[in-house]
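Subject: Handover of a structure

Dear colleague,

Please find the structure below, with its sequence. A description of what was found follows it.

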Amino acid sequence: MTRLFGICGGSGAGKTTLTTEVGRRLGERRISALAFDAYYHCHGHLAPADRAEVNYDHPDALDVDLFTTHLDDLRRGRPVEVPQYDFASHSRTGASVRVDARDIVIVEGILLFAFTEIRELLDHTVFIDVPEPVRLERRIRRDVAERGREPDDVRRQFRATVAPMPDRHVQPHRERADRVVGHDEDLGRVAAELADLVDPPIDLRDDA
């Protein structure tokens, strides 16, 4: 059966980086990745100005029903079609990407642990705890490079909606995680730990 590893943490904590590192160690044939970010509700029916005012860091912004259905399918060995989300227009594109049920599916998202129904489907959970100023700088770099946004717009949104949300919907779930990663830890070492959960290292010492 496919196992689900959940990685949670605030925006810019390093969730995608850790996912990539685990994949590098286990190999692409054994691991798939699923981002909760792909499951935002489509807001294409709203005017552009109204879309920009939606709080995308609140749990209500996410399609948790579809997400949990897909998690359950993956656990049962069935592939899923993940909706593609356009962050520039805050809407789904209508296209999808297939995610296969491999040995491990790494599931990552800011609000991943905010839903009991999601937590109950995860076999192992990791929380990355990174200070807010560090996360903000990382988010600015990502949103400018990958989402075509302006730095001042990223800062405005961060102050208005991103920063307040972790205290309510992210940080309280820190202690629920099987592994808490500090901001000064080497994510490569953490990735090796997670890989060892799948392939425990062989003890080559002579029993004699």
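How many of the six residues of S6 are buried? Five of them are, and the strand is mostly covered. Here, buried means under 20% relative accessible area, exposed means over 50%, and partly exposed is in between, computed with a 1.4 Å probe on protein chains only. Helices (H or I, at least four residues) and strands (E, at least two) are DSSP runs, numbered from the N terminus.

Basis of the description

This is a predicted model, in which local features need pLDDT of at least 70 and side-chain atom pairs count only at pLDDT 80 or more, while totals for chains, interfaces and linings use all residues. Residues are numbered from 1 along each chain as its sequence is written, and side-chain values use heavy atoms, with hydrogens and water left out.

The pLDDT is the predictor's confidence in each residue, from 0 to 100. Its mean for the protein is 86, and 92% of the residues reach 70 or more. Where pLDDT is low, the predicted coordinates should not be read in detail.

The sheet

Strands of a sheet pair through backbone hydrogen bonds, either parallel or antiparallel. Two strands are said to pair if DSSP finds at least two bridges between them. In this model, five strands form an open sheet with parallel pairing, in the order S2-S5-S1-S6-S7. Strand S2 (31-35) and S7 stand at the edges with a single partner strand each, so one side of each has no neighbour in the sheet. From one strand to the next, the twist averages 20 degrees. (Axes are lines fitted to C-alpha atoms, for helices over the stretch in contact, and angles run from 0 to 180 degrees between N-to-C directions.)

Strand S6 (residues 124-129) pairs with S1 in the parallel sense over five bridges. Phe5 has His124 of S6 as its bridge partner, and Gly9 stands opposite Ile128 in S6. S6 also pairs with S7, again in the parallel sense, over four bridges; here Ile128 stands opposite Val181 in S7.

Two helices may be viewed against these strands. Contact means heavy atoms within 4.5 Å. Helix H1 (residues 15-26) packs on the sheet and touches S1, S2, S5 and S6, with its direction at about 170 degrees to that of S5. Helix H8 (residues 187-198) lies across S1, S5, S6 and S7, and runs at about 160 degrees to S1.

The hairpin

S3 and strand S4 (residues 91-99) run antiparallel and are joined by six bridges. Val82 has Val97 in S4 as its bridge partner, and Pro83 stands opposite Ser96 in S4. Four residues lie between the strands of this hairpin, where His90 takes a positive phi near 55 degrees.

The nonpolar cores

A nonpolar core is a set of buried Ala, Val, Leu, Ile, Met, Phe, Trp, Tyr and Cys residues joined through side-chain atoms within 4.5 Å. The largest one has 31 residues, of which Leu34, Phe67, Leu112 and Ile118 touch the most other members. Strand S1 (3-9), H3, strand S3 (80-86) and strand S5 (104-109) each supply at least two residues of this core. H3 gives the most to it, with four residues. A second, separate core of 19 residues includes Ile106, Val130, Val190 and Ala191.

Arg179

Arg179 lies in strand S7 (residues 179-182) and counts as buried because its relative accessibility is 18%. Leaving aside neighbours within four places in sequence, its contacts include His124, Phe127 and Val190.

Two loop residues

Asp57 lies in the loop between helix H2 (48-52) and H3, and counts as buried at 7% relative accessibility. Gly77 is found in the loop between H3 and S3; with a relative accessible area of 45%, Gly77 is partly exposed.

Yours sincerely
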